[in-house]
Amino acid sequence: MWIALIVIVVLLIVWIIGVYNNLVSLKMRLKNAWAQIDTQLKRRFDLIPNLVETVKGYAAHEQGTLEKVIAARNTYASATSVEDKAKANNELTSTLKSIFALGEAYPELKANENFLALQTELTGTEDKVAYSRQFYNDTVQMYNTAIMKFPNNILAGMFGYKEEPFFTIDDAEKEPVK
């Protein structure tokens, strides 16, 4: 009788340790995934002032568009939560589309080597951001699933693990640039 009770207690402890270690691993993977998004967005933000300066010379009367890009960049810098950063990123993506649309409106700008190089670099960065978002959302899905499954949800609640938000885009970002 005592041996069976000891075996059950040991198995329960091993199970709790296994679930806890899995949750810790998933949480760390989630933080890494977010850091990858942050890294790519930082790269994008470093390119934006150069892009704006290049466009200024060709489209001085489009100052409102340029100011929106800078304002969106600053909004992201001051965002603290994942939801706020996702929203600020969506705004920035939308305003960047407007800058690229200016390239279509000004043939001399479109032919400028600096503009073309920056546009190519930003396009590559956007691809990396998209991949990082996908990786982050896949990681969020694995993490959220793990903390919602029974009986993991009991331990997750006891240890303070909470559901994480997905990195989503606004409906406005899905529309073509006007």
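Analyst: Happy to. Accessible areas here come from the Shrake-Rupley method with a 1.4 Å probe, and for residues only the protein chains shown count as cover. By that method the protein has an accessible surface of about 10600 Å², 60% of it belonging to carbon and sulfur atoms. Please keep in mind that this is a predicted model, where local features need pLDDT of at least 70 and side-chain atom pairs count only at pLDDT 80 or more, while totals for chains, interfaces and linings use all residues. Residues are numbered from 1 along each chain as its sequence is written, and side-chain values use heavy atoms, with hydrogens and water left out.

The overall plan comes before the details. There are 6 helices and 0 strands, where helices (H or I, at least four residues) and strands (E, at least two) are DSSP runs numbered from the N terminus. Of the 178 residues, 35% count as buried; buried means under 20% relative accessible area, exposed over 50%, and partly exposed in between (1.4 Å probe, protein chains only).

Now to the helix you asked about. R44 is found in α1, which covers residues 2–58. This arginine counts as buried because its relative accessibility is 0%. The side chain of R44 makes a polar contact with the side chain of N89 at 2.8 Å. Such a contact is a pair of N or O atoms within 3.5 Å; within protein, one must be able to donate a hydrogen and the other to accept it, and residues adjacent in sequence count only if both atoms are side-chain atoms. Leaving aside residues up to four places away in sequence, R44 touches several others, among them L92, L122, E126 and V129, with contact meaning heavy atoms within 4.5 Å.

K27 counts as partly exposed, at 22% relative accessibility. K85 and D38 also meet in a salt bridge, at 3.8 Å from N to O, with K85 in α3 and D38 in α1, 47 residues apart.

A nonpolar core is a set of buried Ala, Val, Leu, Ile, Met, Phe, Trp, Tyr and Cys residues joined through side-chain atoms within 4.5 Å. The largest one has 40 residues, of which L51, I99 and Y136 touch the most other members. α1 gives the most to this core, with 14 residues. Y136 touches L30, A33, W34 and I37, among others.

Finally, a nonpolar surface patch of about 990 Å² is made by M1, W2, L5, I6, V9, V10, I13, V14 and I17. Patches are made of residues with over 30% relative accessible area and no salt bridge: like charges are joined within 9 Å, and nonpolar side chains (Val, Leu, Ile, Met, Phe, Trp, Tyr) within 5 Å. I17 lies in α1 and counts as partly exposed, at 47% relative accessibility.

Technical notes. A salt bridge is a side-chain nitrogen of Lys or Arg within 4 Å of a carboxyl oxygen of Asp or Glu.
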